[in-house]
Amino acid sequence: MSIPVVTNIELSSLPKLASGKVRDLYNVDDKTLLFVTTDRISAYDVIMANGVPLKGAVLTNISAHWFKVLQERIPDLKTHFITLDPPANLGDADKELVRGRSMQVRKLKVFPVEAIVRGYITGSAWNEYKKSGTVHGLAVPAGLQQCSPFPEPIYTPSTKAELGQHDENISPEQAAKIVGEKYAARIEALALQVYKAGAAYAAERGIIIADTKFEFGLDEETDEIVLIDEVLTPDSSRFWPADEYEVGRDQNSFDKQFLRNWLTKEGLKGKDGVEMPADIAQSTSERYLDAFKRLTGKTLQEALQG
């Protein structure tokens with residue numbers, strides 16, 4: 001596929017509401033948004049100067065796949081997903097810009113927390129555990145090794161930082177103060193339920209989902225918690241090949257941990273304006289495409305052709 005790497009999109013036929021690290025949000029009508037996913041990539045909360053080939057299409061189409069799978073496995077699950085079809089009021093030139101990398105979604109009130117679920121101890125959780133024996137301030141079993149599974153997946157939320165700011169790990173009690181007691185327990189229970197369903201599905205396809213980040217919104221008309229944003233993508237999750245998994249070391253991965261490792265090795269962690277070498281960008285793309293095929297059973301090209 002000769003699709004250009006797209007790090008910036010400006011649509012002329014819809015008003016832009018917001019631009020995040022990866023996605024741009026446009027207003028379709030009173031009840032609908034258009035999510036447009038660029039090929040931008042961030043690591044350690046910093047956006048790289050260049051993008052990853054095909055990334056926007058992978059994230060969009062893998063999320064759409066997950067919304068369908070998760071609703072089959074959790075029948076009462078509500079999501080914000082409407083369709084991959086572009087809005088009727090989008091101009092022809094704009095339709096070409098967003099083809100394969102956009103979805104229409106319901107407009108909802110967004111809860112300002114990242115609902116992180118961890119099935120395995122790695123990343124910042126492992127670093128905290130080595131220092132204090134806790135994860136997000138929560139007591140967890142002693143004697144865990146790097147990348148060990150937790151006895152049960154745990155809910156470890158973080159703040160949802162503004163662009164340019166850093167997410168902050170918080171306790172479930174702190175999250176409850178942010179979203180309100182009424183919704184906190186429901187968000188936690190739903191995040192754990194969705195993670196377990198997704199992890200079971202991925203395990204059938206040879207992938208371990210070590211941890212992931214969900215976002216939820218509120219349907220104010222029905223008072224229902226709704227799964228929103230991207231879901232179980234290589235950007236929002238750690239995907240490990242099950243046949244290579246070994247406790248006590250870093251794992252090979254299908255996600256942006258590869259990029260994080262390169263940044264750390266090169267002394268570029270958290271620095272602005274970093275441009276990835278072509279081989280790092282291409283290798284990251286190949287990992288995303290591999291995860292897509294394993295999880296969906298299709299190549300990205302097959303998915304885009306319908």
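Modeller: This is a predicted model. Let's start with a helix: α1 gives the most to the lining of the largest cavity, with three residues.

Biologist: What makes a space a cavity, and how many of 30 Å³ or more are there?
Modeller: A space is called a cavity because a 1.4 Å probe fits in but cannot get out. Searching the whole structure turns up one cavity of 30 Å³ or more. The largest cavity holds about 60 Å³ of space.

Biologist: Which elements give two or more residues to its lining?
Modeller: Those are β3 (32-37), α1 (55-73) and β7 (102-106). Residues in the lining include Phe35, Leu59, Ser102 and Asp229. Sorted by class, the lining has three nonpolar, four polar and four charged residues.

Biologist: And what about the second largest pocket: how much space lies in it?
Modeller: About 810 Å³. A pocket, unlike a cavity, is an open set of points. Its lining has 29 residues, and Asn61, Leu84, Gly100, Ala303 and Leu304 lie nearest the centre. Helix α1 turns up here too, with six residues, the largest share of the lining. By class, that's 15 nonpolar, six polar and eight charged residues.

Biologist: Why is phenylalanine 214 called buried?
Modeller: Buried means under 20% relative accessible area. Phenylalanine 214 has 0% relative accessibility, so phenylalanine 214 counts as buried. You'll find phenylalanine 214 in strand β14.

Biologist: What does phenylalanine 214 touch, leaving out residues up to four places away in sequence?
Modeller: Its contacts include Val113, Val117, Ala191, Tyr195 and Leu232. Take valine 117: it is 97 residues from phenylalanine 214 in sequence, yet their C-alphas are 8.0 Å apart in space.

Biologist: How many aromatic pairs does the structure hold?
Modeller: Eight. One of them joins phenylalanine 111 and tyrosine 183.

Biologist: What makes the pair of phenylalanine 111 and tyrosine 183 tilted?
Modeller: Two rings pair if their centres lie within 6.5 Å, and these are 5.3 Å centre to centre. Under 30 degrees between planes would be stacked and over 60 edge-to-face, so the 50° here makes the pair tilted. Phenylalanine 111 sits in the loop between β8 (109-110) and β9 (113-120) and tyrosine 183 in helix α5, so the pair ties together parts 72 residues apart in sequence. Both residues are buried.

Biologist: Why is the pair of tryptophan 126 and tyrosine 129 called stacked?
Modeller: The ring centres are 6.0 Å apart and the planes are at 25°, which is under 30 degrees, so the pair is stacked. Both residues lie in helix α3 (residues 123-132), three residues apart, about one turn of the helix.

Biologist: How do you know that tryptophan 126 and tyrosine 129 are buried?
Modeller: The cut-off is under 20%. Tryptophan 126 counts as buried because its relative accessibility is 14%, and tyrosine 129 counts as buried because its value is 10%.

Biologist: How do you know what span to expect for helix α7?
Modeller: You take 1.5 Å times one less than the number of residues. Helix α7 (residues 278-296) has 19 residues, and its 27 Å from first C-alpha to last is close to the 27 Å expected. Its buried residues include Ile280, Tyr288, Phe292 and Leu295. Among the elements that cover them are α1, α5 (181-203) and β14 (207-219). After α7 comes glycine 297, with a positive phi near 80°.

How values were computed: Residues are numbered from 1 along each chain as its sequence is written. This is a predicted model: local features need pLDDT of at least 70, side-chain atom pairs count only at pLDDT 80 or more; totals for chains, interfaces and linings use all residues. Side-chain values use heavy atoms; hydrogens and water are left out. On a 1 Å grid over the protein atoms alone, a cavity is a set of points where a 1.4 Å probe fits but cannot get out, and a pocket is an open set with protein on both sides within 12 Å along at least five of seven lines; lining residues have an atom within 4 Å of a point. Grid points are joined across faces, edges and corners, and a volume is the space filled by probe spheres set on the points. Helices (H or I, at least four residues) and strands (E, at least two) are DSSP runs, numbered from the N terminus. Ala, Val, Leu, Ile, Met, Phe, Trp, Tyr, Cys and Pro count as nonpolar, Asp, Glu, Lys and Arg as charged, and the others, Gly among them, as polar. Buried means under 20% relative accessible area, exposed over 50%, partly exposed in between (1.4 Å probe, protein chains only). Contact means heavy atoms within 4.5 Å.
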